[in-house]
Amino acid sequence: MLERFFAAPLDPAKRLQQQIQERLVEAILAGALPFHEPLPATRVMAQRIRVSRNTVTLVYERLAEDGYLKSVNRRGYFIDERYVREQLHIKVDDRARNLIPAAASSIDFRHRLRRSFSGQQNIVKPANWHEFPYPFIYGQTAPDRTSLSRWRDCVRIAGTTLHSRDWMADHIDADDAMLVEQIIRRILPQRGFRTEPENLLITVGAQNALYLVATLLCGPGMRVDMEDPGYVDARNIFLSHGAVLHGHAVDGNGLCVTEALAGAGLVYVTPGHQSPTSVTMTMDRRMSLLSAAERHDFLILEDDYEHELNFVGPQRPALKSFDQNGRVIHVGSLSKPLFPGLRLGFIVAEQPLITELRALRRLMYRHTSTLDQRAMAIFLAEGHFDAHIRRQRASLSKKWQTVMSATARLLPECDVTMTTGGSAIWLTLPKGMSAADVAERAAAAGLLVEPGDVHYLRPDPPRNRLRLGFAAIPLEAIEPGLKLLAEIVREMRP
């Protein structure tokens, strides 16, 4: 009976102990092993599945510690019958199930939904993007093995007795004090300002921060102004709360600040690297925006998700660093430059707003994973985050230079928006070309590029824009990928 659970070969790329333990647990819970017979001896089992005897011994010992097995002197390991019987497997009597007849048709939830989000226009990214030879995808990063190793160390340290007592309990609505301190000491000064603990809230990534703020500040009919093109998910968040959106043009200096901002209740901007063009807002524009906020009495929601990634010229202070009256709500990401899947972000704002955001967050999910918070706090305290950013800047700077020079040489018929860094470029194809058609043809050839029309708020967006993310693609694949894109563009050019 045990053979069928080990019919598929073990994957040498994964931990053998973990694979063997998973299969044995599955066999035990499936009732494939009799209680009165011992498991195969460690030597026999090792020969059968072609692993070392020590590996099998460690697995048996671990299963005994967890209560699945019991060791009987001179007889071997047996399944612990009492433990298996405690498993809460419920069998439903079919006669009782059939007392309620099945309906002729399933429930139509469309008439019951108070809100619907599935119909919103969203960015679509293939789940198998890493299988493309040339993945010019935005929002993903190349693995940094050094940072991954350091992160594993920090998670291990966070799990020790010294730290575990601080994260094991339910924090209700509080954040990890060590992480808050590290953000205040290590992250915010690099953005040009400091704050107090009561002015900071930890979130599940920067996007969750936007949703929390929008939930409190946006409502039906409220006017929210934002960049056009702009961040699609932010747009959908505002729309889902009933806001009325006004778009404002973006040029090489960032958001165009004009008197058209008068009447806005909230202005959403991405000044560090504008989404999706990656341009950085100049100091003149930043000061003009802050002056307009005072003059027209609106709040500014600053999404500084990629602050650290400027390669040309000095780093620019965040809008929040010039905020004298509490008009700027600053949102940042800890995970986007490190591991995008980690999902850790923060909000810095005036204490009354943070108090309300904290109460709202408690209703939604209380607080983010305290283990992740403590591991990140250790990661910051030991200097690993800064070291990661230095390596990332060096790597992305080389890729940025390669992308900029290669597009100028290989795609002279296309316009590239000049940036001071970031992890993507904004490319304008020849007039009359469809970026969606180019992307479809490119995908068939193993080249992943992203059409840009989804980022526009206006009803008649230009259809010839592409965003090319270069953080995830290997440096050596950039030029061959752009050469392939150039061939496709020339073949499809009207």
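Visitor: Where is Ser278?
Guide: Ser278 sits in the loop between β8 and α11; helices (H or I, at least four residues) and strands (E, at least two) are DSSP runs, numbered from the N terminus. This is a predicted model, where local features need pLDDT of at least 70, side-chain atom pairs count only at pLDDT 80 or more, and totals for chains, interfaces and linings use all residues. Residues are numbered from 1 along each chain as its sequence is written, and side-chain values use heavy atoms, with hydrogens and water left out.

Visitor: Is Ser278 buried or exposed?
Guide: Ser278 is buried, at a relative accessible area of 2%. Buried means under 20% relative accessible area, exposed over 50%, and partly exposed in between (1.4 Å probe, protein chains only).

Visitor: What about its phi?
Guide: The phi of Ser278 is positive, about 75°, although the residue is not a glycine. Arg343 also has a positive phi, about 60°, and is not a glycine. Arg343 is in the loop between β10 (328-333) and β11 (345-348) and is partly exposed, with a relative accessible area of 36%.

Visitor: Which peptide bonds are cis?
Guide: The bond from Ser275 to Pro276 is cis, with omega near 15°, and Pro276 is in the loop between β8 (266-269) and α11 (283-296). The bond from Asp228 to Pro229 is cis as well, with omega near 10°. Pro229 belongs to the loop between β5 (223-228) and α10 (232-240).

Visitor: On to the cores. Which residues touch the most other members in the largest nonpolar one?
Guide: Leu429, Leu466, Leu468 and Leu485, out of 34 residues in that core. A nonpolar core is a set of buried Ala, Val, Leu, Ile, Met, Phe, Trp, Tyr and Cys residues joined through side-chain atoms within 4.5 Å.

Visitor: Which elements give two or more residues to this core?
Guide: They are α14 (384-410), β13 (424-428), α15 (435-444), β16 (465-469) and α16 (475-492). The largest share, 8 residues, comes from α16.

Visitor: What is Leu485 in contact with?
Guide: Leaving aside neighbours within four places in sequence, Leu485 is in contact (heavy atoms within 4.5 Å) with Leu411, Leu427, Val438, Leu447, Leu466 and Leu468. There is also a second, separate core of 29 residues, which includes Leu338, Leu342, Ala377 and Leu380.

Visitor: Last one. Where is Gln21, and is it buried or exposed?
Guide: Gln21 is in helix α1 (residues 16-29) and is buried, with a relative accessible area of 18%.
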